[in-house]
Amino acid sequence: MNYGSSGNSAHDGIRYYLQRARELSFDEANSIRAVEFGQVLSRDIYTAFELVGITAITDKCCQYTFAIPHRRSLQMNVGDHLIMRASYNGECITRQYTPISPSSQRGTFEVLIKIYPNGKMSKYIDSLTEGSLVEWRGPFGELNYKPNSHKQLILLAAGTGIAPMIQILRHITDNEDDETLVRLLFGVARYDEIYLKKELDDLRNFWNVSILYCLSQVGDGSCQGEVRR
C-alpha cells in the first residue's frame, strides 16, 4: 500500500500513520486510509496524499499539487469539492476546497489556496513543504449539471471561489454538443489577483463563453469599482 506517496515508500506511510494515530482519537485514527487500486477517494475515510509541488500565484495565494498513486485520476463530478483535515495546536480542523485540475487528470490534482495571516488552516498550509502528506476525503457536491438544461448560465465568483467555476466552464466547453451560454463575473481586488487568468482567457475564446473581470482597486490602491475585460 502507498499512503499518498508517488513512490514506493511503504515505510513512510507506516511512520505517518503511527504519528497521526498518536495525535488523533481512536475513531479519527481509524479514518486514515491508503490509496488502493480500486478507489482513489472515500467520502467517509481520509486519504493521505503527498504534496509534490507548490506554485506561487500571488504573494498570498498558491497552487498546491498532490500526487495520486498508480497514476489514477479523481473522477469527480463537475463542481464537487474535497475536505482537507489537519491538526493545529492539538485541534482538528477541516476546510473545503474544489480542485482546479480536470477530474480526468492522471497522477496529480491541484487546488488553489489563499493564505490568511490569522487563519488556523492557513498556518498549517503555510508550514507544508514538498513531501508532506495531507489528508483528504470526498468528493461532495450537489450541482448535478446537465448539458443544455439551461439556455444561459450566469456565474459569480470572487477570489479563490473561481475554482468551481473553472470546472463548470471546462465541462461545458469540452462538450461540443453543449450550447449553453455562460457569462462569468469574476471579482478581485487588483488586476494581479486575477487567479488562473491564462486559462480563463483561453476559455473566453469559445463562442458561448463571456468573462468580465471586476476590479475594486486600481494601481494606486484606491477603490474604483471598475469592470475590465
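Modeller: Gln75 sits in the loop that runs between strand E3 (61-67) and strand E4 (81-88). Helices (H or I, at least four residues) and strands (E, at least two) are DSSP runs, numbered from the N terminus. Please keep in mind that this is a predicted model, where local features need pLDDT of at least 70 and side-chain atom pairs count only at pLDDT 80 or more, while totals for chains, interfaces and linings use all residues. Residues are numbered from 1 along each chain as its sequence is written, and side-chain values use heavy atoms, with hydrogens and water left out.

Gln75 has a positive phi of about 55°, although it is not a glycine. Most residues other than glycine have a negative phi. Gln75 counts as exposed because its relative accessible area is 54%; buried means under 20%, exposed over 50%, and partly exposed in between (1.4 Å probe, protein chains only). Asn144 also has a positive phi, near 50°, without being a glycine. You will find Asn144 in the loop between E7 and strand E8 (152-158), and with a relative accessible area of 59% Asn144 is exposed.

Now turn to strand E7 (residues 133-140), which holds Glu135. What makes Glu135 count as buried? Its relative accessibility is 1%, so it falls in that class. Glu135 and Thr94 are 41 residues apart along the chain, and their C-alpha atoms are separated by 9.7 Å. Most peptide bonds are trans.

Here is the pocket. Which residues lie nearest the centre of the second largest pocket? They are Gln96, Tyr97, Leu112, Ile113 and Thr160, out of a lining of 17 residues. Strand E5 (91-97), E6, helix H3 (120-126) and helix H4 (162-173) are the elements that give two or more residues to this lining. The largest share, four residues, comes from H3. A pocket is an open set of points on a 1 Å grid over the protein atoms alone, where a 1.4 Å probe fits and there is protein on both sides within 12 Å along at least five of seven lines; lining residues have an atom within 4 Å of a point.

A database record can be set beside this picture. An unreviewed UniProt entry places the feature "binding site" at Arg95, Tyr97, Leu112, Lys114, Lys120, Met121 and Ser122. From this set, Arg95, Tyr97, Leu112, Lys114, Lys120, Met121 and Ser122 are found in the lining of the second largest pocket. UniProt positions follow the numbering used here, feature names are shortened, and annotations may be inferred rather than shown by experiment.

Let us look closely at two of those residues. Leu112 lies in strand E6 (residues 108-114), and Leu112 is buried because its relative accessibility is 5%. Beyond its neighbours within four places in sequence, Leu112 is in contact (heavy atoms within 4.5 Å) with Ile57, Cys61, Cys62, Tyr97, Ile100, Thr160, Ile162, Tyr195 and Leu196. Lys114 belongs to strand E6 as well, but Lys114 is partly exposed, with a relative accessible area of 26%. With neighbours within four places again left aside, the contacts of Lys114 are Lys60, Cys61, Ser122, Thr160 and Tyr195.

The loop between E5 and E6 holds Pro102, which is partly exposed at 31% relative accessibility. Pro102 is 65 residues from Gln167 in sequence, yet the two are 7.2 Å apart in space, C-alpha to C-alpha.

One more loop is worth a visit. Asn208 is in the loop between helix H5 (197-203) and strand E10 (209-217). In contrast to Gln75, which is exposed, Asn208 is buried, at 4% relative accessibility.

Stepping back, the protein chain has five helices and 11 strands. Of its 229 residues, 46% are buried. Among contacts between residues at least 6 apart in sequence, 67% join residues at least 24 apart.
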